[in-house]
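Thanks for making the time this morning.

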2 protein chains.
Amino acid sequence: MTARKLQCKVPVPSDIDIAQSVEPLPIASVAEACGILPSELSPYGSTKAKVKLSILDRLKDHSSAKYVVVAGMSPTPLGEGKSTTTIGLTQAIGAHLNRPVFACIRQPSQGPTFGIKGGAAGGGYSQVIPMEDFNLHGTGDIHAITAANNLLAAAIDARIFHEVTQSDENLYRRLTAELKDFTPIMKKRLAKLGIHKEFPNELNDEERRRFARLDIDPETVSWRRVTDVNDRMLRSITVGQGKAEKGITFQTSYDISVASEIMAILALVKDLKDMRERFGDIQVARSKSGEPVTAEDIGCAGAMTVLMKDAIEPTLMQTIEGTPVLVHAGPFGNIAHGNSSIVQDMIALKLAGKDGFVVTEAGFGADMGCEKFFNIKCRTSGLQPDAAVIVATVRALKFHGGVEPKNAGVENVEALRTGVSNLLRHIQNVGKFGVPVVVALNRFATDTEAELNLVKELCSEAGAFDVVVTEHYAQGGHGAVALATAVVKATETVPSNFKFLYDDNLSLKQKIETICKEIYGAAGVEFLNGTDEKLEQFEASGFGKFPVCMAKTQYSFSHNPDLKGAPSGFIVPIRDVRVNCGAKFVFPLLGDISTMPGLPTRPAFFGIDIDCETGKIVGLS
Amino acid sequence: MTARKLQCKVPVPSDIDIAQSVEPLPIASVAEACGILPSELSPYGSTKAKVKLSILDRLKDHSSAKYVVVAGMSPTPLGEGKSTTTIGLTQAIGAHLNRPVFACIRQPSQGPTFGIKGGAAGGGYSQVIPMEDFNLHGTGDIHAITAANNLLAAAIDARIFHEVTQSDENLYRRLTAELKDFTPIMKKRLAKLGIHKEFPNELNDEERRRFARLDIDPETVSWRRVTDVNDRMLRSITVGQGKAEKGITFQTSYDISVASEIMAILALVKDLKDMRERFGDIQVARSKSGEPVTAEDIGCAGAMTVLMKDAIEPTLMQTIEGTPVLVHAGPFGNIAHGNSSIVQDMIALKLAGKDGFVVTEAGFGADMGCEKFFNIKCRTSGLQPDAAVIVATVRALKFHGGVEPKNAGVENVEALRTGVSNLLRHIQNVGKFGVPVVVALNRFATDTEAELNLVKELCSEAGAFDVVVTEHYAQGGHGAVALATAVVKATETVPSNFKFLYDDNLSLKQKIETICKEIYGAAGVEFLNGTDEKLEQFEASGFGKFPVCMAKTQYSFSHNPDLKGAPSGFIVPIRDVRVNCGAKFVFPLLGDISTMPGLPTRPAFFGIDIDCETGKIVGLS
């Protein structure tokens with residue numbers, strides 16, 4: 001390893017000051033140290049590089065590392081430090097226990113960076129560096145997603161426009177460039193229509209009409225445009241109001257880019273071919289006669305893949321202690337699966353190898369990110385996790401026990417005893433997947449021994465393999481050595497007995513009910529607005545084997561964000577169900593899930609600027 | 001030089017087949033060969049790299065190369081091959097005359113790549129490679145522009161929303177994070193308001209109100225969102241129709257990203273500080289009392305600069321013969337100045353040095369791109385051009401003489417004699433700037449000797465230094481050796497006597513009239529819709545010294561695209577005038593200029609796909 005010794009200051013300086021106090025290692029050195037060949041690396045500047053998927057061919061006979069997922073208790077406004085723990089844990093394993101290690105994390109959206117939340121590179125002395133590069137454009141993957149998503153959106157609307165304003169014959173002549181040819185993409189559509197002719201002049205009138213008219217019902221277009229900005233005014237818009245658009249207007253909306261199905265697909269593909277096929281399978285609308293219309297029908301799934309050809313490669317960066325980090329994908333956690341990519345984990349597992357560890361992060365609480373990690377990501381990849389880490393703080397547990405945020409720093413053992421129920425259920429839930437759980441308790445100065453001991457005792461009773469107090473925010477990897485040791489021990493002494501929570505062959509309704517009862521603690525499920533019939537239609541359309549990806553608030557086990565702790569007895573309402581045919585999951589909506597955040601009155605950008613003399617960024621957090 | 005010998009095939013294969021038939025040199029070798037230090041290079045993969053602006057400090061005492069601009073006759077649907085000539089000419093100078101050389105070209109928009117036009121990497125055996133990288137994301141600059149542009153747009157609308165929905169006191173408390181602090185950006189605004197207080201609790205009610213309320217008149221917001229897609233449905237839209245937006249809706253529209261003022265600014269800045277200041281100066285709206293509201297007032301000019309910190313660096317690529325190319329910026333040619341960046345040309349001039357040549361391309365015909373190159377770009381940079389190349393074809397000249405495109409391949413000396421007037425006026429126009437002109441006639445198989453001789457004779461009479469027939473499309477640099485020789489001779493034998501067409505101190509009206517009469521051949525100018533008063537207001541607001549950037553059709557010297565050849569006697573209507581306070585030019589609108597193209601019935605994407613086995617792109621042109 002190319003580890004670097006930290007000199008930690010007290011009090012802990014700002015994140016960007018810590019990040020900028022360290023000169024990153026050349027990324028080529030980081031790559032060399034972890035076994036990536038120069039020919040497998042595409043540098044983007046000196047501190048980040050894309051890793052080619054061809055590395056998986058070279059390493060296909062290598063043993064895999066232990067696979068550890070980091071999830072959280074149900075999140076609170078106090079912040080629990082999940083990303084920081086992911087990074088700190090790998091710094092400890094790599095730079096202090098001297099074992100091969102990779103952190104696998106998501107690329108953050110620029111929306112939160114300039115809006116409320118700030119960046120996502122970890123914090124304190126447990127960070128990915130350079131945090132500016134990590135939090136800004138990265139290697140451009142989210143921009144590529146935006147481009148591919150919006151090309152498809154423009155293509156759908158333009159196709160409707162051209163079909164409405166042209167005769168069958170004109171449409172056909174123009175599509176075929178005056179009867180010149182069918183492109184290979186057009187030939188796919190001909191094959192789908194059962195028309196086995198090679199040249200445009202061979203088709204009869206009826207075949208020409210069928211080829212040229214997708215006949216999209218504008219009311220059914222479900223594909224939305226995206227932008228990587230918190231832009232609330234784009235939540236609901238009317239387009240097409242220009243004179244040249246001849247009154248053909250549509251009601252639609254923008255999502256933030258990371259909520260695009262393209263992002264969900266990127267995180268789940270195994271190779272380029274898989275990506276090309278999934279893009280083609282994306283359903284964007286229905287025809288007036290009810291037939292699904294796909295991105296392949298629109299004709300731009302090839303161009304979308306071309307736009308995404310570099311984005312499929314994960315990006316190598318480093319922690320502040322010089323251990324390797326792979327950054328890739330970042331699907332929305334509440335309407336998609338909230339996990340980084342499969343290719344990234346596959347590459348890391350092979351590179352870290354038999355004696356090594358891959359620590360991957362799952363978004364939000366374990367009821368969301370971890371359930372989806374197991375049931376969707378691992379089901380798709382075939383990878384087997386060896387341990388889970390659940391991150392909690394005494395302060396956040398007291399919040400779940402009814403304490404106001406401003407009083408979270410005051411000892412309150414009774415509130416803690418109530419609130420810890422939240423953590424305990426997460427521990428029990430992960431246990432249902434047959435994976436050992438280590439609890440990481442991020443220590444705050446205000447935590448008392450009585451409080452820490454109570455949490456330790458109850459977590460052990462609930463079946464946690466170990467409960468470890470950590471201080472990696474203030475101390476870097478050194479502060480997470482005990483956690484790392486516990487994780488190593490769990491993977492090496494507890495045989496993983498990983499199993500899915502539900503079988504592929506259960507009905508979609510049963511899959512939803514299983515998650516709601518087993519993971520959320522619900523008493524039952526209520527299928528509203530005809531969602532049970534819609535699920536049956538999905539099954540009839542061949543989507544019955546898809547896993548379900550619950551679109552739920554992250555703040556509670558239930559659908560109601562105000563139900564703290566470990567609620568039970570509630571009935572989960574399924575308000576709508578949708579299917580992502582490219583990402584291959586069905587997603588039930590349990591409430592209003594916002595897919596476009598807004599800017600607050602004082603957004604983060606008020607503090608962000610550049611020092612024009614040094615070129616250094618100031619104020620990014 | 002690291003030149004490569006071409007094996008040119010007959011007939012000429014497709015652009016992408018030629019491009020993919022050559023293995024690009026490692027970009028580090030290209031950089032080394034042209035004198036860029038490894039520390040000044042940020043590689044993006046193995047075939048492109050950003051060049052740090054610090055190189056200008058290192059080379060500040062070096063001599064500069066000769067500065068050659070390539071422009072065209074008025075463009076026609078037949079295509080004249082301006083980009084191809086730019087690339088072919090540098091291949092000839094570098095790989096055949098063995099002189100140091102750089103091509104400086106613009107980054108293309110993805111809109112045309114997937115829409116009608118296809119890519120912009122040159123063509124045949126005169127191309128930038130890899131053409132896929134060039135035509136797709138490049139090094140992400142346009143994506144950064146989109147991000148910065150749309151952050152500002154979201155910030156403006158969010159600010160209006162928050163001001164409308166909150167009391168003075170709430171607004172002030174939230175902006176100052178409960179009276180915690182003013183950020184440095186907020187302190188700039190305090191200074192502008194003449195409020196010299198340091199802490200939020202020190203301001204009185206009136207000062208709080210003035211600080212917190214920009215009081216933007218929504219009707220005056222001129223800042224629009226952008227996307228790098230041909231999306232006609234976004235030309236006119238209504239936003240804010242979501243329930244949470246409480247009825248605060250706006251009429252607005254999207255432009256294609258390259259039409260953003262941010263792009264115009266990128267092409268004109270000299271360094272980071274210049275960019276930061278210009279971003280702050282951007283005027284986005286007026287307050288209800290008529291005061292200008294800037295990006296600095298909105299508070300996100302710092303964050304915009306942070307988003308653009310890498311985009312300010314030009315990208316090094318190579319021609320198919322291994323000579324260096326700098327790619328940077330690409331402002332719209334009809335509403336902005338249509339030239340690549342100043343920093344790119346400055347770097348190239350220093351690197352090519354005393355014996356070398358920099359060939360930079362100006363968009364559209366010489367009446368547009370070249371006039372703006374001289375009057376805006378050179379005025380801003382202080383650089384002096386040494387020669388101009390005007391690209392024409394016999395076919396296109398016959399089109400200007402009234403021949404239908406389908407008959408352009410038939411000898412027609414009379415039509416040519418009429419149409420060549422277009423080229424002759426461009427030659428005379430460039431002469432007015434004191435710069436010698438070489439005409440490049442791109443040869444087609446159908447051109448006859450009689451036709452070529454007529455053009456040569458008339459161009460020489462009109463004052464061209466030389467008229468050279470070129471075949472670089474089919475032969476690469478070898479086919480442009482005669483052109484290169486003529487260009488070298490022009491720069492070495494004709495003393496450049498460069499002068500601007502108009503003085504900074506002329507009134508804006510006079511500047512417009514000068515261009516219309518001297519360059520377009522107009523009999524006069526008509527200022528409609530109160531544009532003369534608006535120009536006087538611009539002068540009163542301190543923008544009188546700005547150059548003017550004409551927003552005119554590229555297809556004719558006049559405002560009417562149907563007037564071919566060299567029309568005269570027409571009156572130019574000025575329908576509107578606007579000012580870009582960040583880019584620092586006034587732009588008069590002579591007609592409807594579309595800033596958002598649409599997708600045709602058969603867009604280019606129908607032919608574009610990826611070979612999933614090899615990862616190679618097919619169908620890109």
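Let me start with Thr601(B), which touches His162(A), Gln166(A), Leu171(A), Arg174(A), Leu175(A) and Phe606(B), where residues up to four places away in sequence are not counted and contact means heavy atoms within 4.5 Å. The place of Thr601(B) is the loop between β22 (585-589) and β23 (609-610) of chain B; helices (H or I, at least four residues) and strands (E, at least two) are DSSP runs, numbered from the N terminus. The side chain of Thr601(B) makes a polar contact with that of Gln166(A), at 3.0 Å, a polar contact being a pair of N or O atoms within 3.5 Å, of which, within protein, one must be able to donate a hydrogen and the other to accept it, while residues adjacent in sequence count only if both atoms are side-chain atoms. Thr601(B) is buried, with a relative accessible area of 10%, and by that term I mean under 20% relative accessible area, with exposed being over 50% and partly exposed in between (1.4 Å probe, protein chains only).

Before I go on, a word on the basis: this is a predicted model, in which local features need pLDDT of at least 70 and side-chain atom pairs count only at pLDDT 80 or more, whereas totals for chains, interfaces and linings use all residues. Residues are numbered from 1 along each chain as its sequence is written, chains are lettered from A and ligands numbered from 1 in the order in which they are written, and side-chain values use heavy atoms, with hydrogens and water left out.

Now to the interface as a whole. Here 81 residues of chain A are in contact with 80 residues of chain B, and the two chains bury about 6,900 Å² between them, 66% of it on carbon and sulfur atoms; buried area is the accessible area (1.4 Å probe) that two parts lose on being put together, summed over both. In chain A, the residues that lose the most area to chain B are Met233(A), Arg602(A) and Phe606(A), together 12% of what that side buries.

What polar and charged pairs cross the interface of chain A and chain B? The rule finds 36 residue pairs in polar contact, both at pLDDT 80 or more, and twelve salt bridges, a salt bridge being a side-chain nitrogen of Lys or Arg within 4 Å of a carboxyl oxygen of Asp or Glu. One of the salt bridges joins the side chains of Asp609(A) and Arg276(B), at 2.8 Å from N to O. On the side of chain A that touches chain B, helix α7 (residues 141-165) of chain A gives the most, with twelve residues. There is also a network of salt bridges that links Lys48(A), Asp133(A), Lys309(B) and Asp310(B).

Over all chains the salt bridge count comes to 80. Within chain A, the side chains of Glu207(A) and Lys197(A) meet in a salt bridge at 2.8 Å, N to O; Glu207(A) is buried, with a relative accessible area of 15%, while Lys197(A), at 29%, counts as partly exposed. In chain B, Asp215(B) forms a salt bridge with Lys288(B), the closest N and O atoms being 3.7 Å apart. Asp215(B) lies in the loop between α10 (205-212) and β7 (225-227) of chain B and Lys288(B) in the loop between β11 (283-286) and β12 (292-294), so this pair ties together parts that are 73 residues apart in sequence.

Next, helix α15 (residues 342-352) of chain A: ten of its eleven residues are buried, so the helix is largely enclosed by the rest of the structure. Ser341(A) caps the N-terminal end of α15(A), with a side-chain oxygen 3.5 Å from the backbone nitrogen of Val343(A), and just after α15(A), Gly353(A) takes a positive phi of about 70 degrees.

Some backbone details deserve a look as well. Cis peptide bonds join Val10(A) to Pro11(A), with omega about -10 degrees, and Ile129(A) to Pro130(A), with omega also about -10 degrees. Asn98(A) has a positive phi of about 55 degrees although it is not a glycine, and this residue is exposed, with a relative accessible area of 56%.

Finally, how many disulfides does the structure hold? The number over all chains is zero, a disulfide being a pair of cysteine sulfur atoms within 2.5 Å. The sulfur of Cys34(B), for example, is 11 Å from the closest cysteine sulfur, in Cys104(B), which is too far for a bond.
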